[in-house]
Amino acid sequence: MTVSVEDQVDGGVLRPHAEDAFAGELAALAAQDDRPRPARWRLSPWAVATYLLGGTLPDGTVITPKYVGPRRIVEVAVTTLATDRALLLLGVPGTAKTWVSEHLAAAVSGDSTLLVQGTAGTPEEAIRYGWNYAQLLAHGPSRGALVPSPVMRAMAEGMTARVEELTRIPADVQDTLITILSEKTLPIPELGEEVQAVRGFNLIATANDRDRGVNDLSSALRRRFNTVVLPLPATVEDEVDIVSRRVEQVGRSLELPSAPEGVDEIRRVVTVFRELRDGVTADGRTKVKSPSGTLSTAEAISVVTNGLALSAHFGDGVLRPSDIAAGILGAVVRDPAADRVVWQEYLEAVVRERDGWKDFYRACREVSA
């Protein structure tokens with residue numbers, strides 16, 4: 001059974017690809033984009049940056065921001081893709097690396113699905129090519145028996161390929177990319193052939209060096225990338241804006257109620273995460289211990305979304321402290337011994353004494369008991 005784009009966007013698919021979910025914005029940009037476009041790009045670099053950062057077009061069409069952060073970071077990332085250098089998006093977990101990667105590919109190539117998901121078990125075939133073994137046994141090595149990887153397809157079609165969590169891939173498999181990125185060629189020794197990248201091909205990889213199971217990139221491979229570091233949101237307001245936008249999008253797909261009255265609770269979650277992450281309260285007066293987890297923006301989005309679901313199904317639809325308390329506890333206390341002590345100290349030293357936080361303090365004490 002096939003699912004139409006309309007069904008994907010209107011509710012048939014839980015999470016449509018970026019090029020489907022924002023097809024209207026991409027079409028509006030393309031219609032009004034009269035700037036030079038690199039070969040096989042759907043939009044000009046200016047229009048790609050506008051798609052990610054948001055803006056209002058001359059005809060009044062509003063382009064929603066996909067990324068909230070320094071404009072220069074997006075401009076450098078987009079410019080990199082217009083050169084022969086691959087792009088490496090680097091940052092701690094939860095800094096929107098995958099999100100930015102997907103939207104860049106959607107805006108540049110109109111297709112964000114040429115994706116290799118990096119894991120400890122990712123084989124070379126996922127990056128180079130594999131074989132249809134029934135065809136291979138029946139007819140021997142041939143083009144008909146070859147199964148192209150997303151990277152090979154992107155090379156042949158002049159598209160943007162994506163490699164997620166590059167540092168989770170074993171080092172010897174990572175280095176499969178060296179020839180592809182330096183020579184723009186993928187040899188097929190079994191056939192005595194090669195695939196040469198056509199104009200428009202490039203690759204976006206994402207990586208972080210904070211999680212367990214990380215494999216460092218070789219210096220030879222790192223030189224093939226232009227690295228752009230995505231920072232954590234600079235201010236509370238930026239992070240509240242990001243969380244609010246993403247919660248609204250996720251909530252819409254899950255048919256959860258909107259949370260205009262819940263912005264105070266979103267701000268509370270963001271404040272707690274930032275203070276524990278930074279090791280100091282927002283006013284700079286009290287130092288606090290940091291837990292073992294990252295407490296990323298992505299985790300804040302998850303906590304608030306779960307709270308919305310609780311309020312919708314077991315409450316009155318209004319996001320309250322009791323709806324987010326359990327989610328915050330689960331995000332903060334990853335190590336049952338050490339992190340629980342950190343959380344209890346933060347509750348008593350900071351939350352208990354903060355004006356207007358009594359309900360939140362009681363809710364957290366209840367779920368922490």
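I began with the fold and counted 17 helices and eleven strands in the protein; both are DSSP runs, helices H or I of at least four residues, strands E of at least two, numbered from the N terminus. The radius of gyration came next: it is 23 Å, close to the 21 Å of the globule rule for 369 residues, so the protein is as compact as a globular protein of that length. That radius is taken over C-alpha atoms, and the rule is 2.2 Å times the number of residues to the power 0.38.

I noted that this is a predicted model, where local features need pLDDT of at least 70 and side-chain atom pairs 80 or more, while totals for chains, interfaces and linings use all residues. Residues are numbered from 1 along each chain as its sequence is written, and side-chain values use heavy atoms, without hydrogens and water.

I looked up the span of the C-alpha trace: about 70 × 50 × 40 Å along its principal axes. I also checked burial, and 47% of the 369 residues count as buried (under 20% relative accessible area, 1.4 Å probe, protein chains only).

Then I turned to T122. I found T122 in the loop between β4 (115-117) and β5 (129-131). T122 counts as buried because its relative accessibility is 6%. Its side chain reaches the backbone nitrogen of T119 at 2.8 Å. The T122 side chain also reaches the backbone oxygen of Q117, at 3.3 Å.

Last, I listed what T122 touches (heavy atoms within 4.5 Å). Leaving out residues up to four places away in sequence, I got V116, Q117, I169, P170 and V173.

Notes:
Buried < 20%, exposed > 50% of the residue type's maximum accessible area, 1.4 Å probe, protein only. Polar contact = N/O pair within 3.5 Å; in protein donor to acceptor, adjacent residues only side chain to side chain.
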